[in-house]
Every structure is written in C-alpha cells, then in structure tokens.
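Colleague: Please take one part of this model and go through it closely. Keep it brisk, and give the cut-offs as you go.

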Amino acid sequence: MSLLPGSNTTDATTFTRGSHQDDVLRLQGTPTDIQRYEALGRETWSYGISSVTISTRTQTVLDWSNHGGQLKVSLLPGNDNQ
C-alpha cells in the first residue's frame with residue numbers, strides 16, 4: 001500500500017520537528033512499516049532502520065531516529081519550550 005501526501009506540503013528540502021506528516025511523505029515516500037500507539041497519541045513510521053515519530057493528534061513530527069542516514073531531516077536552532 002502506498003501513502004500519498006495530502007495538501008499540507010511545503011517546498012522544504014528537509015523536515016524537522018513540527019513539520020506536517022505530508023512533508024515527510026513527500027520527502028521520504030511511504031514508510032516500510034507504521035506502528036500505532038493509540039494510548040500515547042503517536043505513530044512510528046519506519047524507513048529501514050530509521051524512524052519518524054508522528055503525533056496522531058496534530059499529524060506533525062515529534063522526533064526521529066536517523067540511524068540509517070537516509071532521512072531528509074534537519075534540526076533547526078531555536079527555543080524548545082514545547
């Protein structure tokens with residue numbers, strides 16, 4: 001099954017914390033696996049040995065693990081008071 005990005009995409013070349021899941025799909029394509037954690041309100045999207053955690057409430061990126069190095073991700077400097 002292939003997932004396609006919705007209308008919440010930007011022209012960014014990377015995604016970061018707070019990016020919409022549509023941008024992750026646009027940049028990374030369909031995940032190899034999705035684990036849903038209903039009680040925690042999040043999903044983990046796997047791309048090989050890397051993963052992206054998405055909030056199911058806001059559909060935005062919470063964090064990631066780029067072990068495989070294939071994620072098109074950047075961590076922008078700023079204030080993390082969330």
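Modeller: Start with tryptophan 64: its relative accessible area is 23%, so it counts as partly exposed (buried is under 20%, exposed over 50%, partly exposed in between; 1.4 Å probe, protein chains only). The model is predicted: local features need pLDDT of at least 70, side-chain atom pairs count only at pLDDT 80 or more, and totals for chains, interfaces and linings use all residues. Numbering runs from 1 along each chain as its sequence is written, and side-chain values use heavy atoms, without hydrogens or water.

Now the ring contact. Rings of Phe, Tyr and Trp (its six-membered ring) pair if their centres lie within 6.5 Å; planes under 30 degrees apart are stacked, over 60 edge-to-face, the rest tilted. That rule gives one aromatic pair. Phenylalanine 15 and tryptophan 64 have ring centres 6.2 Å apart and planes at 85 degrees, so they meet edge-to-face. The partners are 49 residues apart: phenylalanine 15 precedes helix H1 (21-28), while tryptophan 64 is in strand E4 (DSSP runs numbered from the N terminus: helices H or I, at least four residues; strands E, at least two). Phenylalanine 15 is buried, at 0%.

Next, the neighbouring strand. Valine 52 sits opposite tryptophan 64. E3 and E4 (residues 61-65) are antiparallel, with four bridges; strands pair if DSSP finds at least two bridges between them. Five residues separate E3 from E4 in their hairpin, and glutamine 59 in the turn has a positive phi of about 60 degrees.

E2 (residues 42-47) also runs antiparallel to E3, through six bridges. Serine 46 has serine 51 as its bridge partner. Here the hairpin has two residues between the strands, and glycine 48 has a positive phi near 65 degrees.

E3 (residues 50-55) has six of its six residues buried. Ser50, Val52 and Ile54 lie on one side, Ser51, Thr53 and Ser55 on the other.
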